[in-house]
Amino acid sequence: MGFSLSICITDFFTYETSKSVVVKSWSVGIINRIVQLLIITYFVGWVFIHEKAYQVTDTGIESSVMTKVKGFGYHHGKVVDVADYVFPQQGADVFCIMTRLIITENQFQGKCAESVPMFSCNTDEDCHKHFGAILSNGVITGVCLKSPDESEGQCEIEGWCPVENDSVKITPMFDVNNFTIFIKNSIRFPLFDVTRGNFPSTMTSDEIKKCTFHPETNPFCPIFRVRDVLQHTGQDLAALAYKGGEIGINIEWKCNLDLDIEYCVPKYSFTRLDAPFAKNAVSKGFNFRFAKYFKTENGTDFRTLYKAYAIRFDIMVTGNAGKFDTIPTLINLVAAFTSIGLGTVLCDIILLNFLKGAEQYKAKKFEEVSEAQIEASLARSPGSQLSLKSGIKNSYDSGAISLATPDQPL
Amino acid sequence: MGFSLSICITDFFTYETSKSVVVKSWSVGIINRIVQLLIITYFVGWVFIHEKAYQVTDTGIESSVMTKVKGFGYHHGKVVDVADYVFPQQGADVFCIMTRLIITENQFQGKCAESVPMFSCNTDEDCHKHFGAILSNGVITGVCLKSPDESEGQCEIEGWCPVENDSVKITPMFDVNNFTIFIKNSIRFPLFDVTRGNFPSTMTSDEIKKCTFHPETNPFCPIFRVRDVLQHTGQDLAALAYKGGEIGINIEWKCNLDLDIEYCVPKYSFTRLDAPFAKNAVSKGFNFRFAKYFKTENGTDFRTLYKAYAIRFDIMVTGNAGKFDTIPTLINLVAAFTSIGLGTVLCDIILLNFLKGAEQYKAKKFEEVSEAQIEASLARSPGSQLSLKSGIKNSYDSGAISLATPDQPL
Amino acid sequence: MGFSLSICITDFFTYETSKSVVVKSWSVGIINRIVQLLIITYFVGWVFIHEKAYQVTDTGIESSVMTKVKGFGYHHGKVVDVADYVFPQQGADVFCIMTRLIITENQFQGKCAESVPMFSCNTDEDCHKHFGAILSNGVITGVCLKSPDESEGQCEIEGWCPVENDSVKITPMFDVNNFTIFIKNSIRFPLFDVTRGNFPSTMTSDEIKKCTFHPETNPFCPIFRVRDVLQHTGQDLAALAYKGGEIGINIEWKCNLDLDIEYCVPKYSFTRLDAPFAKNAVSKGFNFRFAKYFKTENGTDFRTLYKAYAIRFDIMVTGNAGKFDTIPTLINLVAAFTSIGLGTVLCDIILLNFLKGAEQYKAKKFEEVSEAQIEASLARSPGSQLSLKSGIKNSYDSGAISLATPDQPL
C-alpha cells in the first residue's frame with residue numbers, strides 16, 4: 001500500500017517533454033529562422049507596440065459638457081445677445097446659435113388665407129383636395145378666399161393668423177462669426193477612476209479670457225471662435241448662416257495611462273454633421289420654429305412665431321484609455337508563441353517534400369506503428385507484457401495536462 | 001575563434017521539429033479525423049462566418065439626429081401647431097409631443113386654498129402636520145380655510161394662486177396620430193472614417209415629401225407617422241395619449257464594410273421605453289409642468305401653468321461596423337489551429353487507455369529517462385562525456401524559441 | 001487503381017501524436033507541476049472566476065431617463081415651484097435646478113451705460129479700445145457716458161437697457177436642499193433583449209411616495225433628496241448653491257445574466273462633475289442667462305433678463321451585462337491549455353542546462369540529423385530507396401493539419 005502510493009507520487013512528479021528532431025540543414029534552418037523573425041517582428045511591432053495589445057482598454061468614457069456662448073449681433077435692427085440667440089439656454093452639449101429669423105408677429109387664433117403658393121385656388125373644390133395637409137400653416141377649412149378682382153385666391157386655414165410668409169428675404173446675422181464658444185468638458189474613465197478636464201489647471205483667469213483655440217499654437221484653449229470652427233470644417237460661412245447647418249465639435253481623449261497623466265489631453269476636431277446629405281436635393285440646412293406667447297389686456301392669447309435658421313453645434317466626446325494589464329498581455333503572448341510554432345508548419349512542408357533527402361527526413365521525423373505490428377507483438381508475448389506490468393502500478397492523471405505516464409519501455 | 005563562430009552560426013541555423021508517432025489504426029484514425037472535422041466546422045461556420053471573427057469592429061458610432069414634427073391638432077378649442085406642442089422646439093433627438101394639457105390660467109403670487117383632497121382639514125392643527133409637504137401646490141401655511149357652512153375645509157398654501165386642479169377631465173388631442181416625424185440622422189464610424197445618412201442621396205424632394213415609413217414597403221423613408229410608430233410598439237393609442245408615455249425609435253446601423261458601402265443602411269425598430277414599469281402600480285405615463293409668464297400693465301408678474309401629458313420620443317442610434325483586419329484574423333486562426341491540436345488530447349486518451357495494445361502504443365509514444373539512468377551513465381563514462389564535448393561548443397539560444405541545440409547523440 | 005485508392009484512405013485515417021520523453025526526476029517533476037498549478041490557478045481564479053472570461057458582454061446599454069423634481073422654495077420674496085426653477089422642464093436626463101437668480105427687469109432696446117468696472121472711461125477714446133468686446137453687456141458704441149461732476153464715467157453700449165448688474169448680493173435659495181428628485185430609468189441590453197427598470201415592480205404607490213434613497217437602507221428607492229445627493233459627493237452645500245455646479249448621478253447596471261434577472265439591479269453613485277476644475281482659478285460653478293419676453297400695450301418688446309446660478313444634474317447610465325457564451329469560453333480555454341504547455345519552456349531550460357546530467361537529457365530529447373548524414377545515406381543506397389518506394393504511393397494531405405504521412409521506416 002505504502003509502496004504503491006510512493007510509486008503513484010513518483011509517477012506524478014515526472015516531466016514530459018516532446019522528443020525533437022534537430023535538422024542540421026542550412027536551407028531549412030535559414031527559412032525557419034526567417035519565418036520566426038517575421039512572426040516575432042509582426043507581434044512585437046504591430047500587435048504589441050502599435051496596437052498596444054498588452055493594455056486593457058476602457059471605452060466607457062463618462063463625460064459632462066458645459067458650454068457658454070458670448071458675442072453680440074444685429075438682427076432685425078436690434079442688438080441680440082446670448083439670451084436671445086442660443087437655444088437651449090442652459091449651456092448643454094447640443095445647442096443652436098440662431099443666424100436668421102423669420103418673424104411673424106401678433107398671431108391670433110382665427111381663420112385667414114394661406115401664404116404658401118401650393119395652396120392657391122380658384123374654387124372651394126381646389127382646397128378640398130388639401131384636407132389634412134401638413135405642409136400648410138394651419139388646418140385647411142376647404143374655403144377658397146378670393147377677392148373678385150383677383151385671378152387666383154388662396155385656401156383658408158384655421159389656426160394662428162396671419163400665417164407665416166417664409167419667402168421674405170432676411171439677411172443672416174453674419175456677426176455670428178465673431179461669437180465665441182467656451183467649452184468646459186470633464187471626463188472620467190470609470191475602469192481606472194481617472195478624471196480629467198479639458199484645460200490645464202495651471203491656466204489662469206487672464207489666459208482663458210484672452211486665448212482663442214488654434215490647433216497648433218493654442219491646442220488647449222477652451223474658447224473657440226465660431227468663424228474658426230466653421231473654417232476647420234471647410235464650410236461656406238454665408239451658406240451656413242443662410243440655411244443653417246449642423247457642426248460637430250469632437251473632443252477625443254486617447255489616453256495611455258502607462259504614461260504620465262499629464263499626457264492625457266483632449267484633441268479637438270470639427271466636422272459638418274449633415275455632410276452625408278450635402279448631395280441630397282432636399283432637407284439642407286437646419287431650422288426650427290418656436291413662439292413667444294403674450295396676452296392682451298383682456299386676456300386673449302397671442303404669439304409671435306419665429307422660424308429660426310440656426311447652426312447647431314454638437315459637442316461629441318469620445319475616447320478610450322489603455323493601461324497595462326496581465327490578461328490581454330498573456331492572451332496575446334500565448335498567441336505570439338503559438339504563432340511562432342506555426343512557422344514549423346511551413347518548414348515541415350518544405351523539409352518533408354521539397355528538400356533533397358526528404359524521405360530520409362520523414363523516416364527520422366515519423367515513427368510508424370500499425371495495428372498489425374501491435375497485434376503481432378501481443379501474439380508473440382502475451383505473458384511477458386503481464387510479467388512486466390506486475391508490481392508497476394501507474395497513476396494516470398486526467399488526460400488534458402499530462403496525458404498519461406508511460407510504462408517502462410522494453 | 002573563426003572556427004567556433006562558424007560552429008555557432010551552423011548551430012543557429014538548424015531546424016527543430018517534433019518527432020511524431022504515426023498510428024496506423026482505423027479506429028483512432030477515424031476518431032481523430034472526425035474530431036478535427038468538428039473543430040474546423042465550428043471555427044469556419046460559427047466563429048468565422050457567423051461571428052465574423054476576421055473583422056475588427058468599431059462600436060464607437062458617432063451620431064447626430066435632427067427631427068421635425070409636422071401636423072395640426074385641436075386642443076382646448078384652439079388649433080395648435082408644432083411651435084405649440086413640441087418640447088423642446090429645436091428638433092433634438094429626444095422630444096415630447098404634448099397630447100393633453102391641464103391649463104391653470106392667471107396665477108398670481110399669494111395665498112389660497114389647496115385643491116388636492118389629501119390636504120382637507122377641519123382645524124389649523126390638521127394642516128400643521130403637512131408642514132414641508134412637497135405634494136401640495138405651494139408652501140403649507142398651517143391655516144385651515146373653511147367657511148362656516150362647510151363641513152370640511154382645505155389647507156391654505158402660499159405660492160401661485162389659484163392652484164392647479166388636475167382632476168378635471170380633458171379629452172386628449174387624438175390628432176397626434178396623424179402627425180409625422182421627420183428624422184435626419186447622420187452617423188460616422190471614426191475607426192474607418194465612414195459617414196452615412198439615413199436616407200439615400202438619390203431620394204428626390206418629391207419622394208421624401210410624399211413617402212411614409214413602412215418596415216417592408218418603404219424601409220428607408222425618413223418620415224414616420226405617429227400612429228404607425230405607436231402601432232409598431234403594440235401600444236394602446238388612447239391610453240398613451242391620455243397618460244403620456246415614452247417611445248423609443250431605435251436606429252440600428254450594422255455595417256459590414258467588406259461589402260459595398262451602399263449596404264450600410266439603417267434599420268428602424270420601435271419600443272415602449274417605460275415598458276418595465278407597466279406592471280407597477282405607480283408612475284405610469286409621462287407628464288411635466290411648465291409655465292408661460294406675463295406681466296400686467298402695472299408690472300405684476302403672473303403666469304399660466306400647464307401640466308402637459310406628452311408622448312416622449314427618444315431617437316436612439318446604435319450600431320457597429322466591421323471590416324477585415326489582420327490582428328483578429330490571426331488571433332482567431334491561431335486559436336483555431338491550436339484547437340485542432342487539442343483534438344489529440346481526446347485521441348491520446350483513447351489510444352493509450354482504451355485501445356487494444358494500449359501498452360504497446362505507450363511504449364512507442366513515451367521514452368523514459370530516469371535520474372538513476374543518467375547517474376549510472378555519468379558514473380560509467382565521466383571521461384567520455386568530456387572527450388566528446390571537446391571541440392564542440394554549443395550556442396544556446398534563448399529558451400523560448402529554439403529551446404536548446406543538442407549535443408551529438410552517441 | 002482500387003488498390004492505390006484504398007492505400008490513400010488507409011493513409012488518411014491515421015493518427016499522428018508527438019513522441020515524448022518522460023523524465024523521471026524529482027527536481028524537474030516538482031517544478032513542472034508547480035508551474036502548471038500556478039498557471040491553472042491563474043486561469044481558474046482570475047481569468048474565469050474574477051474576469052468572467054466565459055461570458056460574452058453587452059456594453060451597448062440602451063437607456064431612457066425621466067426625472068421629476070418636487071419642492072418649493074422662497075426666492076426674491078416669492079414662492080417658486082418646479083415650473084419656475086427647473087430647466088428644461090420636460091424632465092430630461094440633464095436638468096438644472098436654479099439656486100440663485102440675478103434679475104434685470106424691464107430691459108428695452110436702446111443705449112445706456114455699461115455696469116462692468118472694466119469698461120470705465122474718462123474720454124471716448126478710452127472706450128474705442130473696447131470695440132468688439134464680448135465681455136460687455138452690449139455693443140460698445142465708443143461713447144463715454146460721464147456726468148461733469150463724476151471723476152469716472154462708463155462706456156456706452158447699445159443693446160438691452162438697463163444692463164445687468166451682477167455684483168448685487170443675492171442670498172441663494174437654500175430650500176433646494178429639501179427638494180426631491182424622482183428618477184425613472186429603464187434600460188435594455190439589446191444583445192440579450194433584457195429590459196429592466198430602476199425600481200422593483202412590487203413597489204407600491206405608497207412606498208414610493210414615502211421613501212427616500214439611502215445607499216444602505218433604501219438602495220432601490222428612486223426618490224433622491226437633493227441634500228443627500230450633495231452630501232454623497234462631499235460638497236459644500238452653501239458654495240454650490242451660491243456659485244452653481246455640476247453633479248453627476250451615475251446609475252450603474254452590472255448584470256450577470258447567468259444568475260436570476262432579479263439580481264440585475266441599479267447601483268447609484270454621485271460625483272461632482274466639475275471636480276477637475278476645482279483647482280482652477282477660473283470658471284468655477286455653473287450659470288447661464290435666459291430671458292422672458294413681454295410686450296407693452298403699444299407692441300414694443302421688452303424682456304426680463306435672468307442670470308441663473310444653478311446646480312446641474314446629469315443622470316449618467318452606464319453598465320454592461322454578461323452571459324455565458326461558447327466563443328469566449330473556447331478562446332480562453334485554448335489560451336489556458338496553451339499556456340499550460342508554455343510551462344514546459346521553463347522546465348526545458350532547467351532540464352537541459354542546469355540539471356546534473358543535462359547532456360544526457362539533451363541526447364534523449366534531441367535526435368540530430370544533418371545534411372551530411374542524409375547525403376551519405378543517399379549515396380550508399382540510391383537504389384534501395386527507390387526499390388522501397390515502389391508500390392508504396394503516399395497521399396500527402398495539406399500540410400497544416402496532418403503535416404505529412406511518413407514512409408515506412410526501414
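**The cavity and a helix pair**

Modeller: In this predicted model, the largest cavity is lined by I331, V334, A335 and T338 of chain A, by B:I331, B:V334, B:A335 and B:T338, and by C:I331, C:V334, C:A335 and C:T338.

Colleague: Which elements give two or more residues to the lining of the largest cavity?

Modeller: The lining includes A:I331, B:I331 and C:I331. The elements that give two or more residues are α8 (326-354) of chain A, α8 (326-354) of chain B and α8 of chain C.

Colleague: How many residues of that lining are charged, polar and nonpolar?

Modeller: Among the lining residues are A:V334 and A:T338, and Val counts as nonpolar whereas Thr counts as polar. The division of the lining is no charged, three polar and nine nonpolar.

Colleague: How much space lies in the largest cavity?

Modeller: The structure holds one cavity of 30 Å³ or more. The space in the largest cavity is about 110 Å³.

Colleague: Turning to chain C, how is α2(C) directed relative to α8(C), roughly parallel or roughly antiparallel?

Modeller: Helix α2 (residues 26-50) of chain C packs with helix α8 (residues 326-354) of chain C at an angle of about 155°, their axes being 9 Å apart. Because angles over 145 degrees count as roughly antiparallel, α2(C) is, relative to α8(C), roughly antiparallel.

Colleague: How do the residues of the contact of α2(C) with α8(C) divide?

Modeller: The contact is made by residues including C:F43 and C:N32 of α2(C) and C:L346 and C:S339 of α8(C). The residues of this contact divide into no charged, six polar and 16 nonpolar.

Terms used: Residues are numbered from 1 along each chain as its sequence is written. Chains are lettered from A and ligands numbered from 1 in the order in which they are written. This is a predicted model: local features need pLDDT of at least 70, side-chain atom pairs count only at pLDDT 80 or more; totals for chains, interfaces and linings use all residues. Side-chain values use heavy atoms; hydrogens and water are left out. Axes are lines fitted to C-alpha atoms, for helices over the stretch in contact, and angles run from 0 to 180 degrees between N-to-C directions. Helices (H or I, at least four residues) and strands (E, at least two) are DSSP runs, numbered from the N terminus. Angles under 35 degrees count as roughly parallel, over 145 as roughly antiparallel, 65 to 115 as roughly perpendicular and the rest as oblique. Contact means heavy atoms within 4.5 Å. On a 1 Å grid over the protein atoms alone, a cavity is a set of points where a 1.4 Å probe fits but cannot get out, and a pocket is an open set with protein on both sides within 12 Å along at least five of seven lines; lining residues have an atom within 4 Å of a point. Grid points are joined across faces, edges and corners, and a volume is the space filled by probe spheres set on the points.
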